[in-house]
Amino acid sequence: MSPSSPSLAPRPGPDLKAVGLVSLAAGIDTILSVKAAELSLKLLPPQASTAAPYVDGVFALEVGIGCFIFLGCCTAMAWSLLFHRADKYDMDDGAPIEGNLRLEIIWTVIPLVIVMAIATYSFRVNDILATLGPKVKLMPGEAPQLLTAEGEYGPVDVIARQWSWEFIYPNGVRSSELHLPLDERTHFRLQSEDVIHGFFIPAFRLKQDLVPGSVISYSLTPTIEGVYRLRDSQFSGGYFAANQTDVVVESREAFDGWLADSARQPLRPSYNPADELHQLRLRKGDRGWATVPPAPPPLVNASQDPSRPHDA
């Protein structure tokens, strides 16, 4: 075999210029992705419960990874368009990549690593959330959880209807807005009287479905004083968007004062925006489409104040 045989020719070394450019692009991509993940948290409501920072961590991780992939793909496409475009009238096919084992390994391993990283982190966060606010479906006839240990309150009965929320506290007070003591773990018994509703407080980053015929034991711990919004996250009928109310997080002293004042108030129909919308529709004339008349507003000692602003 002659010295000039191709099998003995020295293999070309790595293109250091290309390696440097790819490394630089990957570094810039990483920095921008980290910044995007940090900025994404500013789009969310305040972290008003013990669970919120952990949920936000998963969200930021997914935003960062998504941004890294998006910017990487855009950069590769822009590089190809600017510097590797085919000449005019060049109708040749591109270089075949079938059978490139190295490329197959790369684009198999990278998505696998990303998916496993997200799954591992999500499982860990889910385990933490289970300790902060576990949920238990109570069986028919099963005695509800009785409390309370130090720093815990409840249980508060949460009743969802088409379309209103009603809360019943251990001392018998009924309200159509939810009041919670600050930094205390509050336990709930969630139930629905008609269809599936969603107990969702965005500032707490927690959501739990209410299934008719089931009683679900649930708990959470608010950490920041303020007025937040409770929304029905499940489509429960034509007026489900009006099925909102306030969640007032306040100090223990203010909470006890509100309970005492409310206990002295007589029961009266609560403010109910769904009922108002339904009455407005009837006054304008029923146009014939099917709908469910809202349930009568619950009788409560303390009704929500629609004029009060909320933080999130």
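1. Let me start with S164, which sits in strand 3 (residues 164–168); strands here are DSSP runs of E with at least two residues, helices are runs of H or I with at least four residues, and both are numbered from the N terminus. S164 has a relative accessible area of 5%, so S164 is buried (under 20%; over 50% would be exposed and values in between partly exposed, with a 1.4 Å probe and protein chains only). Leaving aside neighbours within four places in sequence, S164 is in contact with I159, N243, N272 and P298, where contact means heavy atoms within 4.5 Å.

2. A word on the basis: this is a predicted model, in which local features need pLDDT of at least 70 and side-chain atom pairs count only at pLDDT 80 or more, while totals for chains, interfaces and linings use all residues. Residues are numbered from 1 along each chain as its sequence is written, and side-chain values use heavy atoms, with hydrogens and water left out.

3. A cavity is a set of points, on a 1 Å grid over the protein atoms alone, where a 1.4 Å probe fits but cannot get out; a pocket is an open set with protein on both sides within 12 Å along at least five of seven lines; and lining residues have an atom within 4 Å of a point. Points are joined across faces, edges and corners, and a volume is the space filled by probe spheres set on them.

4. Now to the open side. The largest pocket has a volume of about 490 Å³. Its lining counts 17 residues, with L21, V22, A25, T75 and W79 nearest the centre. Helix 1 (16–40) and helix 2 (52–83) are the elements giving two or more residues to it, and helix 1 gives the most, with 9 residues. The lining of the largest pocket divides into 11 nonpolar, 3 polar and 3 charged residues.

5. E184 is in the loop between strand 5 (178–181) and strand 6 (185–192) and is buried, at a relative accessible area of 13%. Its C-alpha atom is 5.2 Å from that of E152, 32 residues away along the chain. Not counting residues up to four places away, E184 touches partners including Y153, L220 and R252. With R252, E184 makes a side-chain polar contact of 3.0 Å (a pair of N or O atoms within 3.5 Å; within protein, one must be able to donate a hydrogen and the other to accept it, and residues adjacent in sequence count only if both atoms are side-chain atoms).

6. Finally, the aromatics: there are 11 aromatic pairs in the whole structure (rings of Phe, Tyr and Trp, its six-membered ring, with centres within 6.5 Å; planes under 30 degrees apart are stacked, over 60 edge-to-face, the rest tilted). F199 and Y218 form an edge-to-face pair, because their ring centres are 6.4 Å apart and their planes lie at 85°. This pair ties together parts 19 residues apart in sequence, since F199 lies in strand 7 (residues 197–201) and Y218 in strand 9 (residues 215–220). F199 is buried at 1% relative accessible area, and Y218 is buried at 5%. Elsewhere, ring pairs link Y153, Y169, F255 and W258 into a cluster.

Methods:
Ala, Val, Leu, Ile, Met, Phe, Trp, Tyr, Cys and Pro count as nonpolar, Asp, Glu, Lys and Arg as charged, and the others, Gly among them, as polar.
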